[in-house]
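Hi,

Here is the structure I promised to pass on.

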Amino acid sequence: MVDNKNNRETFSSGLAVFFATLGSAVGLGNIWKFPYMVGENGGGAFVLTYFICVLLVGIPVAVSEFYIGRSTRKNAVGAFDVLKAKPFWKSIGYMGVLSALFIMFFYSSVAGWVFSYVFKAIKGDFLSLASLSMEEAAVNVSSQFDIAVGGSVSPFVWQITAVAIVSIIILAGVKKGIERITKTLLPLLFILIIICCIRALTLEGARQGLSFLFRPDFSKLSASAVLSALGLAFFKLSLGMGTMITYGSYFTEKDNLFATSARVALSDSIVSLLAGTAIFPVVFTFGMEPGAGPGLLFKTIPLVFSKIPFGNLLLIAFFILTSIAATTAMLSLVEVPVAFFIEEKGMSRNKAVILTSALILIIGLLTVHPKSVFGNVVIAGKGFFDLFDYLSSNIMLPIGGLLISIFVGYVTNKDHLSKELSNNGTLNNKGMIKFFINVLRYLTPALLVIVFLNSIGIINF
Ligand code: PHE
């Protein structure tokens, strides 16, 4: 049916594909969002629900997106033209462009917090923690966070810095920009998080922290928490909005799409769990609130390193590597509107990048900070920061995922799909493909619909 293997840039090898994709998936979602959402939603039961969502919804949607991207070598809107789909399906791509922008409004702000923490750590703002009592130290990091993000100038400057850095890297192009950074630095981040975990596990509250994270108590799980777990699975794996369609379009012909999805999901989950393992022992040791919200990471990590040799150096390294993880994730977010503006609107790469970053900055700066022009506006009980997060993760990405699974499960040509998933018959995976199509037709959409209806109260579990 369709053959549009034009000479687009691709990643240079299977390993580069894995790392680039992981570079998109691993980011603030693992290190910042996953722990604080687990904390807010009662711990282990939320974690388990999250993993079920990754397995039954995340991986099938990831494979579908890779298929759409690699078989068309196009962005998330153009891909549907190449597949000769009805114009309706392009709405997945349009909604994806919008979701990417929505996410960037607040993501770039949090990335700014992380950047600012690199400098705080370098300046020695956390050195005094070593000589304080536990209670004093906990109060100190909390107030440092409130001051850092509550200012009326510096959070804005840091957010602009974050967006500027991403724009410069992305102007250098896909291969040079994304590939080089992810391949070298992700493994380092991984090692550093493991060091954090080892240290955290020596703390008094380690047992309590681990049981909060791993022991499910389903009485704590609300319907809205189930929707949040689903939304988090999409957000974490960068799904439902065309990022993985766009990335899939850079994959090589030899990549096994199933294996790549599974490997990425597994590695990403490990990083999230390690982040949780580093953070919750601190929460319980220092008598903090697990449900402290978006500040949780910033209020705990300085404490992890506060009383160990080279603690401050490790803290600096931690925030540098987290900044890098946030940056690679932002690269993949920004790439969605950029590829769209270039390929669908005929813009030059420079123009597309400038337009995208201008949009992110204008709306992001005006809305997401409490001290910004529209910072105090509350819509449906949420400020803009939470609203952009809620709308993108809990509504738009899951709807995108539902449409993608219906499109690949029911609409697309099955021979074309099988050919692509078996790399033109070179992989011996007929059974796997069949199983995948069944999951995608029945299980994935059913789960998505049930979670939705459950969360808005139409059905009740
Ligand atoms: N997955 C990224 C993270 O966890 C965020 C992201 C979402 C990136 C959607 C791209 C698309 O930080």
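One example is the side chain of Thr260, which reaches the backbone oxygen of Asn256 at 2.9 Å.

Before the rest, some housekeeping. This is a predicted model, where local features need pLDDT of at least 70 and side-chain atom pairs count only at pLDDT 80 or more, while totals for chains, interfaces and linings use all residues. Residues are numbered from 1 along each chain as its sequence is written, and side-chain values use heavy atoms, with hydrogens and water left out.

Now the ligand. Where does the ligand sit? It sits in the largest cavity. For a cavity, picture a 1 Å grid over the protein atoms alone: it is a set of points where a 1.4 Å probe fits but cannot get out. A molecule sits in one if more than half of its atoms lie within 2 Å of its grid points.

The shell around the ligand has 15 residues, and the closest are Ala25, Gly29, Tyr107, Phe235 and Lys236 (a residue is near a molecule if one of its heavy atoms lies within 4 Å of it). By type, the shell divides into 7 nonpolar, 7 polar and 1 charged. Here Ala, Val, Leu, Ile, Met, Phe, Trp, Tyr, Cys and Pro count as nonpolar, Asp, Glu, Lys and Arg as charged, and the others, Gly among them, as polar. Four helices each supply at least two residues of that shell: H1 (14–25), H2 (28–40), H10 (223–236) and H14 (311–345). Helices are DSSP runs (H or I, at least four residues), numbered from the N terminus.

A backbone N or O atom of Ala25 is 2.9 Å from an oxygen atom of the ligand, and a polar backbone atom of Ser24 is 3.2 Å from a ligand nitrogen. The protein covers 100% of the 320 Å² of accessible area that the ligand has on its own; accessible areas come from the Shrake-Rupley method with a 1.4 Å probe, and for residues only the protein chains shown count as cover.

Ser24 also turns up in a contact within the protein: its side chain and that of Ser238 are joined by a polar contact of 2.8 Å. Ser238 is in the loop between H10 and H11, and its phi is positive, about 55°, although it is not a glycine. Most residues other than glycine have a negative phi. Is Ser238 buried or exposed? Ser238 counts as buried because its relative accessibility is 8%, where buried means under 20% relative accessible area, exposed over 50%, and partly exposed in between (1.4 Å probe, protein chains only).

Asn423 lies in the loop between H17 (414–421) and H18 (430–455), and at 9% relative accessibility it counts as buried.

Back to Thr260: this residue is found in helix H12 (residues 257–285), and it is buried, with 5% relative accessibility. In the loop between H11 (243–248) and H12 you'll find Glu253. Glu253 counts as partly exposed because its relative accessibility is 40%, and its side chain makes a polar contact of 2.6 Å with that of Arg73. Its C-alpha atom is separated by 33 Å from that of Ala229, 24 residues apart along the chain.

Finally, Ala164 is in helix H7 (residues 154–171), where it is partly exposed at 34% relative accessibility.

Cheers

Conventions: A polar contact is a pair of N or O atoms within 3.5 Å; within protein, one must be able to donate a hydrogen and the other to accept it, and residues adjacent in sequence count only if both atoms are side-chain atoms. On a 1 Å grid over the protein atoms alone, a cavity is a set of points where a 1.4 Å probe fits but cannot get out, and a pocket is an open set with protein on both sides within 12 Å along at least five of seven lines; lining residues have an atom within 4 Å of a point.
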